[in-house]
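This report describes a predicted model, shown below with its sequence.

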Amino acid sequence: MAIITNIADLRERHRRRVPRMFYDYVDSGSWDELTYRDNESAFARIRLRQRVAVNLENRSLRMRMIGEEVAMPVALAPTGLTGMQWADGEILAARAAEKFGVPFTLSTMSVCSIEDVAAQTTKPFWFQLYVMRDRDFIASLVERARAAGCSALVLTLDLQIMGQRHQDLKNGLSTPPRLTPGNIANMMTKPAWCLAMLGTRRRQFRNLVGHIPGVENLTSLAQWSAEQLDPTLNWEDVAWIRDLWGGKLILKGIMDPADARLAAESGADALIVSNHGGRQLDGAPATIEVLPGIVDAVGDQIEVWVDGGIRSGQDVLKAMALGAKGTLIGRAFNYGLGAMGERGVTRCLEIIANELDLSMAFCGYRDINDVNADVIWPAA
Ligand SMILES: Cc1cc2nc3c(=O)[nH]c(=O)nc-3n(C[C@H](O)[C@H](O)[C@H](O)COP(=O)(O)O)c2cc1C
């Protein structure tokens, strides 16, 4: 087996191992994928400033995100259908994260349920909430997250309506997979994935199925989303959820300084500069480009984090240098999971930590907490 040296290697192995409809679900953005591609290429355009002959011994990547100590400032972002990339995927990713010492976020649209993940892990994880029309159900999800010991609620604000991903429509993406002749033919080329999936009972949206009357027959992601996502979501709902939850609150999906100010006023503990990994508004700028403006606007009032396009430790370093107090990765860990299960998520975290540590050192820093805009080579 070829040696895995970077996230691109994990991505390639993921692509080969997992049925096309689930791989494509991860590796695509909305419409023309302009924003999806920009997230990555904007990082690539930023240059780092090398320093030499600086003592580089005893380096540290440890810091705090919303008061929680982390081995490096990288959390696993909430991603739906993670349990379809590898059987029991959310449990495996959560285990890898807790062993490594970084936060794991469980999506509302996960395959393994809140209770499943809590039973199979030992440290608290974060729960991501989508706001649905059925507010009683929202209240029950918040209650379940509390009962499971979740240490923060990540409230996603940028998915009241859904962007279109062409490939998901063409592939007939659904859980369990729709068995069209094309999908069956493709799955027959992925025997290891099929066998593992047959060996688990976790093949549905288990946070939802069995918990809301009338959705026992739920099979289609698109159908559920269209019916349940709440287009009326507004800042009063955010206040309601903040009070209902009462714990650490993280607002996800902020792309504008005006919204960042409202997020800071809402009493949340952190906000995530995010365009949903280029899966919602195609044509939105790259997150790393809007980060500095948001840090300027509210960086002294609320922790500002960023996600989107992070594929390396160098990317994390650039985000921290531009004022982020933390980052999240979505696709990078999904590639690892789809490639090699729990080991692959661990490998993804090791790769990023190693790149972050060495790149920070090349720039003349020993402690991630000290990194600042000096690390960035000034734009011409
Ligand atoms: C396959 C996939 C599923 C996602 N599902 C969710 C989700 O259920 N909830 C959510 O808030 N964000 C979701 N996101 C967005 C991620 O949380 C995150 O914002 C994004 O992946 C960051 O960009 P990156 O993938 O380039 O790291 C998803 C992203 C991907 C790639």
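The buried residues of helix α13 are T287, I288, V290, L291, I294 and V298; a residue counts as buried if 20 or more other C-beta atoms lie within 10 Å of its own, with C-beta atoms placed from the backbone. Seen down the axis of α13, these buried residues fall within an arc of 145°, so they line one face of the helix; the arc is that of the directions from the helix axis to the C-beta atoms. An α-helix has 3.6 residues a turn, so residues three or four places apart point the same way. Helix α13 covers residues 287–298, and its 12 residues should span 16 Å at 1.5 Å a residue, which agrees with the 16 Å between its end C-alpha atoms. The expected span is 1.5 Å times one less than the number of residues. Helices (H or I, at least four residues) and strands (E, at least two) are DSSP runs, numbered from the N terminus.

Residues are numbered from 1 along each chain as its sequence is written. Because the model is predicted, local features need pLDDT of at least 70 and side-chain atom pairs count only at pLDDT 80 or more, while totals for chains, interfaces and linings use all residues.

**The sheet**

An open sheet is formed by 8 strands in the order β3-β10-β9-β8-β7-β6-β5-β4, with parallel pairing; two strands pair if DSSP finds at least two bridges between them. Its edge strands, β3 (74–76) and β4 (105–106), each pair on one side only. The pairings of β5 (residues 126–129) are listed here.

| Strands | Bridges | Partner residues |
|---|---|---|
| β4 and β5 | 2 bridges, parallel | L106 and F127 |

The chain crosses from β5 through helix α6 (residues 135–147) to β6 in a right-handed β-α-β crossover. Strand β4, helix α5 (residues 114–120) and β5 also make a right-handed β-α-β unit. Right-handed here means that, with the strands pointing away from the viewer, the path from the first strand over the helix to the second runs clockwise.

In β5, W126 and Q128 point one way and F127 and L129 the other way, and all are buried.

**The ligand**

Of the 25 residues around the ligand, A77, S107, G277, G330 and R331 come nearest; a residue is near if its C-beta atom, placed from the backbone, lies within 6 Å of the molecule. The elements giving two or more residues to this shell are α2 (20–26) and α15 (331–362). Helix α15 gives the most, with 3 residues.

Note on methods: A residue is buried if 20 or more other C-beta atoms lie within 10 Å of its own, exposed if 12 or fewer, and partly exposed in between; C-beta atoms are placed from the backbone.
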